[in-house]
Amino acid sequence: MARIVGAVATSHIPLIGKAIAMGWQNEPQWKSFFDSYAPVHEWLRSVRPDVAIVVYNDHGLNFFLDKMPTFAVGAAPEYVNDDEGWGLPVVRPFPGHQELSWHLIESLVADEFDITTCQEMQVDHGFAVPMALLWGTDARAVKTVPIVLNTVQFPLPSPARCHKLGEAIGRAVASFPDDLRVVVLGTGGLSHQLEGERAGFINKPFDLMCCDAIAHDVQPLLKYSSRDLVREAGSQGVELLAWLVMHGAMSRSMKQKHFAYHGAVSNTAAAVMLLAP
Ligand code: DHB
Ligand code: FE
């Protein structure tokens, strides 16, 4: 039986990818940020997940405004990265776990989630930066299933709906017959707005309230609408929805094992959280 061994939420800011590509991990302005991932690396070394289900939002590399699925699940043998215009080097494809993908797709549709199935899917920084942050050059040893949310074009899914999607993912993994250790990643956020009059907006009290809710009692957060999240966290801060999917997927007995919040990296409040039994 497959088992979710833990969950990791992390920001996916492109500049982090640039810092990794440039080898800036020990530069004074980056060291404390990268050091804050050490407990996650230690945990990954101890549990050795076989598969990462990566929940994130596509930023226009794979889906554009003309066709925008609310929820999409990858079912490809591999996931190709491409140039998105952020100045990041294109990285090698990531291997998929097609059997788990199809099982998730069957199970989610049976569970009344009318997801889009993607037998080809390009992955952007929302996927590639967290994979590099967590596994570095070893990232290709872990198989992946990307799950993409629309956080870009209204109407957006609600926090409660995203959490229910996560619960359905949790049920799907638990019914997969093969022995697999699965880690669920939720990537994006925290508060940020990259455009318009509020460009540069960061709301630290709201970020910390959300992180506390995800660690201890998510229910109050599920009463918010997506528009509430945009108002409180910024138009891209709504990427927090991926953290709610992640939370829905993990077992209620998991506890916060590590948390770090960084005021801002680039235009965005960055954070990392590990939840495990
Ligand atoms: C930034 C953050 C993001 O989440 C993103 O997708 C793109 C850019 C930033 O802070 O620069
Ligand atoms: Fe983003």
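Two strands pair if DSSP finds at least two bridges between them. Helices (H or I, at least four residues) and strands (E, at least two) are DSSP runs, numbered from the N terminus.

This is a predicted model, in which local features need pLDDT of at least 70, side-chain atom pairs count only at pLDDT 80 or more, and totals for chains, interfaces and linings use all residues. Residues are numbered from 1 along each chain as its sequence is written, chains are lettered from A and ligands numbered from 1 in the order in which they are written, and side-chain values use heavy atoms, with hydrogens and water left out.

The protein has nine helices and eleven strands. Eight of the strands form an open, mixed sheet, in the order E6-E3-E8-E2-E9-E1-E11-E10. Strands E6 (116-118) and E10 (255-265) are the edges; each has a single partner strand, so one side of each lacks a neighbour in the sheet. On average, neighbouring strands here are turned by 20° against each other, direction ignored. Axes are lines fitted to C-alpha atoms, for helices over the stretch in contact, and angles run from 0 to 180 degrees between N-to-C directions.

| Strand pair | Sense | Bridges | One bridge pair |
|---|---|---|---|
| E2 (residues 51-57) and E9 (residues 180-187) | parallel | five | Val51 and Val182 |
| E1 and E9 | parallel | eight | Ala2 and Leu180 |

Seven of the eight residues of E9 are buried, so this strand is largely enclosed by the rest of the structure. Contact means heavy atoms within 4.5 Å.

**The three-stranded sheet**

Three strands form another open sheet, in the order E5-E4-E7, with mixed pairing. Strand E5 (94-95) and strand E7 (122-123) are its edge strands, each pairing on one side only. Strand E4 (residues 78-81) runs parallel to E7, joined by two bridges. Val80 has Gln122 as its bridge partner in E7.

**The iron site**

The iron ion (ligand 2) is coordinated by His12 (NE2), His59 (NE2), Glu239 (OE) and Glu239 (OE), at 2.1 to 2.8 Å. Donors are N, O and S atoms within 2.8 Å of the metal (3.2 Å for Na, K and Ca); water is not among the atoms, so sites may look incomplete. Along the chain, the donors follow the spacing H-x46-H-x179-E. His12 and Glu239 link distant parts of the chain, 227 residues apart. His12 lies in the loop between strand E1 (2-10) and helix H1 (14-22). Glu239 lies in the loop between helix H8 (226-233) and helix H9 (241-249). Both His12 and Glu239 are buried.

**Two buried residues**

Ile13 sits in the loop between E1 and H1. Ile13 is buried, with a relative accessible area of 5%. Not counting residues up to four places away in sequence, Ile13 touches Val129, Val265, Ser266, Thr268 and Ala270. The C-alpha atoms of Ile13 and His125 are separated by 7.3 Å, though these residues are 112 apart along the chain.

His163 belongs to helix H6 (residues 159-174). His163 counts as buried, at 3% relative accessibility. Leaving aside neighbours within four places in sequence, its contacts are Val218, Leu222, Leu244, His247, Gly248 and Arg252.

**Overall dimensions**

The C-alpha trace spans about 45 × 40 × 40 Å along its principal axes. For 277 residues, a compact globule would have a radius of gyration near 19 Å; the protein has 17 Å, which agrees. That radius is taken over C-alpha atoms, and the globule rule is 2.2 Å times the number of residues to the power 0.38. Of the 277 residues, 56% count as buried. Among contacts between residues at least 6 apart in sequence, 81% join residues at least 24 apart.

Conventions
Buried means under 20% relative accessible area, exposed over 50%, partly exposed in between (1.4 Å probe, protein chains only).
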